[in-house]
Amino acid sequence: MAVKWGVIGCGGIADRRTIPEGFAASQEAELIAVQDVDEARATAVAAKYAVAKVYTEGVKLLEDPEVEAVYVASPTASHHQYVLAAARAGKHVLCEKPLALNVAQAEEMVAACKEAGVKFGVNFMMRFHACHQYLHQLIAEGKLGKPVLGKAELTCWYPPIPGAFRQDPAQGGGGALIDMGNHCLDLLEYLFGQRVARVSCFTANLVQAYPSEDTAAVLAEFDGGAMALVNALFNVPDAAAKNMLVVYGSRGGAWAFGTIGQDSSGQVHVTLEEEEAAYDAAQVRTGSGGEQTVTPEPVNIYRAHVDAMSRAIREGTEPPVPGEVGLWSQRVIAACYESARTGQCVEVQP
Ligand SMILES: NC(=O)c1ccc[n+]([C@@H]2O[C@H](COP(=O)([O-])OP(=O)(O)OC[C@H]3O[C@@H](n4cnc5c(N)ncnc54)[C@H](O)[C@@H]3O)[C@@H](O)[C@H]2O)c1
């Protein structure tokens with residue numbers, strides 16, 4: 001039986017992606033209620049997706065006994081209060097990233113859900129991209145050899161907008177790094193099967209006139225030895241953004257463009273060697289198998305996560321991307337900000 005979901009925060013991501021591509025498309029989920037502080041928005045989204053129940057105040061949606069699970073897609077500063085209230089009300093939660101403004105809030109959210117016995121997931125939906133699933137398997141099977149280095153970037157042209165929560169650290173927890181860099185770092189951790197151990201990070205405001213950083217560059221070392229370069233930018237034109245992902249291992253490399261983001265389609269270019277090669281002074285770059293272009297059948301990333309989270313709720317299994325992953329991401333991002341502030345390389349605090 002489909003899980004009965006409510007959505008809190010009917011703005012950009014909910015209306016553009018997660019409701020139409022996730023909840024409305026899923027056979028395992030049924031959207032029965034929406035809530036937003038903006039009544040006109042809540043009413044319009046309810047009408048658009050034929051949702052009968054509309055709430056605008058307090059935690060009304062969480063008091064609805066019919067609602068089994070809630071997707072929290074309101075601005076980041078409000079996640080903490082809604083997730084704690086959901087846990088108190090015995091509702092399962094899928095929360096948008098970043099989980100919270102800081103590590104302390106995210107810890108409380110994970111602890112509250114655990115104590116209440118409700119499932120808690122974080123929407124790092126890029127893990128579900130068919131190209132990323134392909135790379136994950138390639139690396140897990142050892143076909144890339146020992147993971148050596150990853151590069152991941154996510155950008156968005158984001159000029160000043162009055163009231164935009166990402167442009168005020170008090171509302172968003174930071175800027176491009178916590179908003180987009182966290183996706184990149186999470187994805188590389190997922191692909192490598194390793195955790196970020198320490199980081200050096202620079203942040204700056206190079207173009208946009210608001211308090212949050214519009215530029216973040218991270219150099220990360222993972223606990224399994226791999227390294228990564230990640231950048232998140234609010235200040236380059238969308239048309240110029242390639243949202244590049246590169247992973248190198250001792251037996252090969254893989255490159256994808258545009259798979260990091262909200263789209264579900266894409267290709268990966270892969271070059272693999274049968275084994276770690278002897279030194280070749282000519283540095284022939286074609287590889288024993290040549291370069292292959294892999295185009296996996298696209299899987300909608302929002303639907304895949306809503307499906308998987310709904311199944312976890314029904315079957316009583318672990319969420320596909322547990323809240324603990326969101327808490328860990330919060331720790332990694334906090335280490336990045338501390339590095340940017342102090343100019344030091346910072347270890348992620350477990
Ligand atoms: N995973 C993804 O692909 C993805 C993409 C974009 C945004 N996000 C995350 O989703 C969240 C929302 O981002 P967005 O871009 O949709 O924001 P948005 O500003 O477009 O929409 C937020 C909505 O929440 C409503 N709102 C504001 N305060 C509220 C409150 N206290 N209670 C209930 N509703 C409230 C607003 O009226 C608005 O409709 C953020 O945490 C963001 O980081 C995730």
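This is a predicted model: local features need pLDDT of at least 70, side-chain atom pairs count only at pLDDT 80 or more; totals for chains, interfaces and linings use all residues.
Student: How far apart do the C-alpha centres of domain 1 and domain 2 lie?

Tutor: The domain assignment gives domain 1 as residues 3-125, and domain 2 as two segments, 126-301 and 332-342. Taking the C-alpha centres of domain 1 and domain 2, the distance between them is 27 Å.

Student: How many residues of domain 2 are in contact with domain 1, and how many on the side of domain 1 are nonpolar?

Tutor: The contact involves 13 residues of domain 1 and 16 residues of domain 2. On the side of domain 1 that touches domain 2, two residues are polar and three are charged, while the nonpolar ones number eight.

Student: Which residues touch the most other members of the largest nonpolar core?

Tutor: This core has 109 residues, and at least three of its residues come from each of domain 1 and domain 2. In soluble globular proteins, nonpolar side chains tend to be buried together. The residues that touch the most other members are Trp5, Val7, Val70, Val83, Val93 and Cys336.

Student: What does Cys336 touch, not counting residues up to four places away in sequence?

Tutor: Cys336 is one of the core residues that touch the most other members. With residues up to four places away in sequence left out, Cys336 touches Leu177, Val199, Cys201 and Val218.

Student: Why can α10 be called largely enclosed by the rest of the structure?

Tutor: Helix α10 covers residues 323-342 and reaches 29 Å from its first C-alpha to its last, close to the 28 Å expected. Gly343, whose phi is positive, near 75 degrees, follows α10. The helix is largely enclosed because the number of its 20 residues that are buried is 15.

Student: Where does α8 bend?

Tutor: Helix α8 runs over residues 176-192 and reaches 23 Å from first to last C-alpha, where 24 Å would be expected. It is mostly covered, with 16 of its 17 residues buried, and Gly193 follows α8 with a positive phi, near 65 degrees. The bend in α8, of about 35 degrees, is at Asn182.

Student: Is Gly6 buried or exposed?

Tutor: Gly6 is found in strand β1, residues 3-8, and, leaving aside neighbours within four places in sequence, its contacts include Ile32, Val34, Leu61 and Val70. A residue counts as buried if 20 or more other C-beta atoms lie within 10 Å of its own. Gly6 has 26 other C-beta atoms within 10 Å, and is therefore buried.

Student: How far apart in space are Gly6 and Glu68?

Tutor: In sequence, Gly6 and Glu68 are 62 residues apart. In space, from C-alpha to C-alpha, Gly6 and Glu68 are separated by 7.8 Å.

Methods: Residues are numbered from 1 along each chain as its sequence is written. Helices (H or I, at least four residues) and strands (E, at least two) are DSSP runs, numbered from the N terminus. The expected span of a helix is 1.5 Å times one less than its number of residues. The bend at a residue is the angle between axes fitted to the seven residues ending there and the seven starting there. A residue is buried if 20 or more other C-beta atoms lie within 10 Å of its own, exposed if 12 or fewer, and partly exposed in between; C-beta atoms are placed from the backbone. Domain bounds come from an automatic or database domain assignment. Two residues are in contact if their C-beta atoms, placed from the backbone, lie within 7 Å. Ala, Val, Leu, Ile, Met, Phe, Trp, Tyr, Cys and Pro count as nonpolar, Asp, Glu, Lys and Arg as charged, and the others, Gly among them, as polar. A nonpolar core is a set of buried Ala, Val, Leu, Ile, Met, Phe, Trp, Tyr and Cys residues joined through C-beta atoms within 7 Å.
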